[in-house]
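Thanks for coming. Please have the sequence and the structure open while I talk.

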Amino acid sequence: MDSTRTQTVTDTEPDFPWGRAPYPVLVADAAGVLVRLNDAAQVLLPAARPGSRLADLVPAWLAEADQAVRLAGPRSTPSRIPASGAIGTRRFEAHASTRDDGMVAWWLVDDTDRQLTREALHMERERTAFLAKASSALLSSLNLARCMDITAQLAAENLADAALAIAPARDRWLPVVSCVRGGTPTAGKEAISPDDVPGLGEALRGFPPVPSRWIDPSLAPPWMIPEGFGPIKAMVITPLPGHGVPAGALVLLRKEGSAAFTEEEEVFARLFAARSGAAMSAARLYAEQTAITDVLMRELLPPALHHVAGVHYAGGYRPSADHERIGGDFYDVHPATQQGDPTLVTLGDVCGKGLEAAVLTGKIRSTLHALLPLADDHQRMLTLLNAALLDSHHTRFATLVLASVVRDGHRVQVRLTSAGHPKPLIIRTDGTVEEADTRGTLVGVLPEVRARTTTVTLAPGESCVLYTDGITEAKGGPLGDTLFGEQRLVRALSGCAGMPAEGIVEHVQMLVSQWLGNRRHDDMAVVTISAPRTHHLNAVDGRTRGRYTS
Amino acid sequence: MTTFPPSLHLTTVTAEDSVRIEITGDLDYDNAGLLLNEVTARLGARPRPGDLRLHCAGVGAIDSTGLSVLLMIGRRTAAAGTRLHLDERPAMMDRLLDLTGTLEYFTAMTTAAAPHTAAEGPATT
C-alpha cells in the first residue's frame with residue numbers, strides 16, 4: 001500500500017485525515033488551485049499534482065460544477081442533485097463542501113454500477129415493452145402471412161437493419177418475407193433448398209430447438225440481401241420455435257457500419273423469436289385446420305340438383321352461420337342404375353353439430369348410396385343403415401326421409417318413408433298441402449327400426465317437399481322468439497302451387513331468411529320433387545328420357 | 001366463443017329405491033350433457049335405484065342433442081336394470097318423441113322392469 005501512496009499525501013496531517021479514504025477527495029483553494037488529493041484521487045487522476053489548476057485536471061462537467069459552487073459561496077445550500085459525469089471509464093457523483101475561506105473539497109462517489117444497473121433496467125423495460133407490443137401485434141392475427149409480415153417488420157425495426165422471416169417449405173418454394181428498417185415487408189418465394197445456407201436448414205427443421213448461429217456474412221446468398229442494402233456486417237439465423245412443429249426461421253442482418261450482434265442481443269432475439277414462432281405456428285395450425293375443414297366440407301356439401309329421368313329436383317341448403325358448428329343436414333339424389341327403376345332421394349339430419357355431425361353425415365350418405373340396389377324396400381334399407389350406424393359408445397342418431405321416385409306417364413309416383421323425420425309435404429295443383437302419411441323410428445340408436453312407407457302420386461305441376469327441422473324451428477318473427485313452425489310452412493307452400501321445383505325451394509328459403517333476420521339458426525335443407533307440367537309427345541310406349549319435353 | 005350461464009337446472013331428490021330428477025330449462029346442445037352426467041352419477045350409486053324418474057314439466061326446449069342424451073340415458077338405465085320414467089312430459093316433448101318414433105321405446109322402458117335381463121343395448125359395431 002505504501003508504495004502506491006504518493007508523497008503529496010500525508011495522512012498524519014491533522015487537517016487532512018482522508019489520505020486513505022476509499023473515495024477520491026480533491027481540495028482546491030479559493031483560486032481553484034489544487035491543494036491536496038488523497039490516494040484514491042491520485043489513482044483516478046494520475047496527472048494531478050498539488051499546485052495545478054483543478055479546471056485543467058478534471059473533466060468539463062466537474063470544472064463547471066466547481067465554478068458554480070465558488071460563485072454561490074460558502075453559505076449556499078448545496079444543490080439537491082449532485083453533479084455527475086464520467087472520469088475515465090467510470091462514472092462519479094461529485095459532492096462539494098466549501099469552507100469559509102473559499103477552500104472547496106470535492107468528494108467523488110463512484111456510481112458506475114448504479115448507472116449501469118439503471119441503464120440495464122431501462123433497456124430491460126424497453127425490451128419488455130417491445131415484447132408485449134410484439135405479442136399483441138402477433139396474436140391479433142391468425143393469418144400466417146400477416147404473422148410473418150409482423151415478425152419481419154418488428155425485427156427490422158427493433159433488432160436489426162433488415163430481417164427475413166422464413167417459413168418451412170411446403171413444396172420446393174420457401175416462403176420468405178423480408179423487411180428493411182423503415183420499409184414495408186415484402187413477401188416472396190425462393191426456389192432454393194434451405195440446406196444451401198448454413199444454419200437455415202437446421203433452424204427450419206426447428207425441432208428439437210437449435211441455437212441461433214452467427215453466420216459469416218460473406219456466405220449470405222444474394223436472395224437474402226434486400227435490394228440496395230449494401231454489404232452485410234453481421235448476420236444471425238434464429239429458429240422460430242413452434243408448438244412442436246417448426247414455425248420457421250428469423251434472419252437478422254446488420255449493415256456495414258452498424259455494430260455486430262452482442263450475445264445479449266442474440267438472447268433477446270431468441271425471446272422475440274419464441275413469441276413470433278408461437279404465433280406463426282398457431283396461425284399455421286389454424287390454416288391447416290381450416291384447409292382440412294374446407295376439404296371435408298367440399299366433400300360433404302350437398303350436390304347441385306337437376307332433372308333426372310323426367311322428374312324435376314331442386315335442393316337448397318343453408319348451413320348454420322356459426323362457423324364452428326358445421327351442421328349435419330344432407331340430401332342426395334341417386335339416379336337408378338337401371339333405366340325405369342326409381343331414383344332414390346334422401347334427405348336427413350344428424351343430431352349434434354360440428355365436424356362430428358358432418359362426418360356422420362358423410363357416413364350415412366355413403367351407406368345409403370351403397371344400399372341403392374335395395375331401394376325398393378325402404379324398411380330393409382333403414383334396418384341395414386341402422387345396423388351400420390349403431391355404436392355402443394354414443395347415441396348420435398339421424399332422422400331421414402327416403403323417397404323412391406319414378407315417372408309413370410304424366411304422373412310421378414313417389415314412395416316415401418320417414419325415419420323419425422318431419423313428414424314430407426305434398427303441394428297439390430289446387431293449393432292444398434298434404435302431409436305424407438309415413439312415420440318411423442330414427443336410425444343409429446335403437447336395436448330395431450320400424451317405418452311405414454306410403455306412396456303418393458304427383459300429377460303434373462304437383463310437388464313433394466322434403467325439409468329438415470332447421471326450417472320449422474327457425475326462431476324469429478316480429479318478436480324474435482317465435483318458431484317458423486309447420487303451419488307457416490304449409491301456408492307458404494300452399495301459395496307455391498304449380499311453381500317449378502327451384503321456385504319452391506327459393507321461396508321457402510327466402511321466407512325463412514326473412515323470418516330469421518340475423519338470428520342464429522340451425523342448418524336448413526329443402527328438397528323439392530316435382531312432376532313437370534309436360535305434354536306427352538306421342539303415345540308410343542317407352543321410357544326413354546326423350547319421350548317428354550321436360 | 002361466448003359462454004352463457006347454463007340455462008338448465010337439475011334438482012335431484014333421492015328416495016328409497018328411486019331417484020327423481022326435476023329438469024328446469026333447455027335440453028339442448030349446450031346443456032344436455034349436464035343431465036347425462038347427473039344420471040350417470042346416480043346410476044353408479046349403491047344401492048342402484050330401481051326407478052329413475054325424470055320430471056320433465058320444466059323442460060323448455062329440446063333439440064336433437066337433448067334427445068340423443070335421453071336415448072343414452074335410456075340405454076344406461078336399461079343396462080343398469082333401472083326403470084326409466086319420463087314424467088309430466090310437455091306436449092312439445094311428446095311431439096318430438098312421437099315424430100322420431102322413440103315414444104314407444106321410452107314408454108316400454110317404464111313398464112319393462114328388466115333387472116338383470118337387460119342386454120347391453122344394441123350390439124357393438
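Leaving aside its neighbours within four places in sequence, which residues is Ser276(A) in contact with? Keep in mind that we are looking at a predicted model. The answer is Leu138(A), Thr151(A) and Leu240(A), once the neighbours within four places are set aside.

Now find Ser276(A) on the chain. It sits in helix α7 of chain A, which covers residues 263-300. Is Ser276(A) buried or exposed? Ser276(A) is buried, because its relative accessibility is 0% and the cut-off for buried is under 20%.

Cys179(A) has a relative accessible area of 1%, so it is buried. Cys496(A) comes out at 0%, so it also counts as buried. As for disulfides, the structure has 0 of them over all chains.

Let me step back to chain A as a whole. How many helices and strands does chain A have? There are 12 helices and 25 strands in its secondary structure. The chain has 550 residues, and 48% of them count as buried. Its accessible surface is about 26,800 Å², and carbon and sulfur atoms hold 54% of that.

There is also the matter of which parts of the sequence meet. Take the contacts in chain A with a separation of 6 or more: 60% of them are between residues 24 or more positions apart. When you follow the chain on screen, then, look for partners well away in the sequence as well as for neighbours.

Next, the interface with chain B. Chain A puts 27 residues into the contact, and chain B puts in 21. Between them, about 2,100 Å² is buried, with 55% of it from carbon and sulfur atoms. On the chain A side, the residues that lose the most area to chain B are Ser392(A), Thr395(A) and Arg439(A), and together they make up 24% of what that side buries.

What does its side chain meet in a salt bridge? The partner is the side chain of Asp98(B), at 2.9 Å from N to O. Across the interface of chain A and chain B there are 2 salt bridges. Polar contacts between chain A and chain B come to 8 residue pairs, counting pairs with both residues at pLDDT 80 or more.

That is the end of my part.

Note on methods:
Residues numbered from 1 in each chain as written. Chains lettered and ligands numbered in written order. Predicted model: local features only at pLDDT ≥ 70, side-chain atom pairs only at ≥ 80, totals over all residues. Heavy atoms only, no water. Helix = DSSP H or I, 4+ residues; strand = E, 2+ residues; numbered from the N terminus. Buried < 20%, exposed > 50% of the residue type's maximum accessible area, 1.4 Å probe, protein only. Contact = heavy atoms within 4.5 Å. Areas by Shrake-Rupley, 256 points an atom, 1.4 Å probe, with all protein chains shown as cover. Disulfide = S-S within 2.5 Å. Buried area = accessible area lost by both parts, 1.4 Å probe. Salt bridge = Lys/Arg side-chain N within 4 Å of Asp/Glu carboxyl O. Polar contact = N/O pair within 3.5 Å; in protein donor to acceptor, adjacent residues only side chain to side chain.
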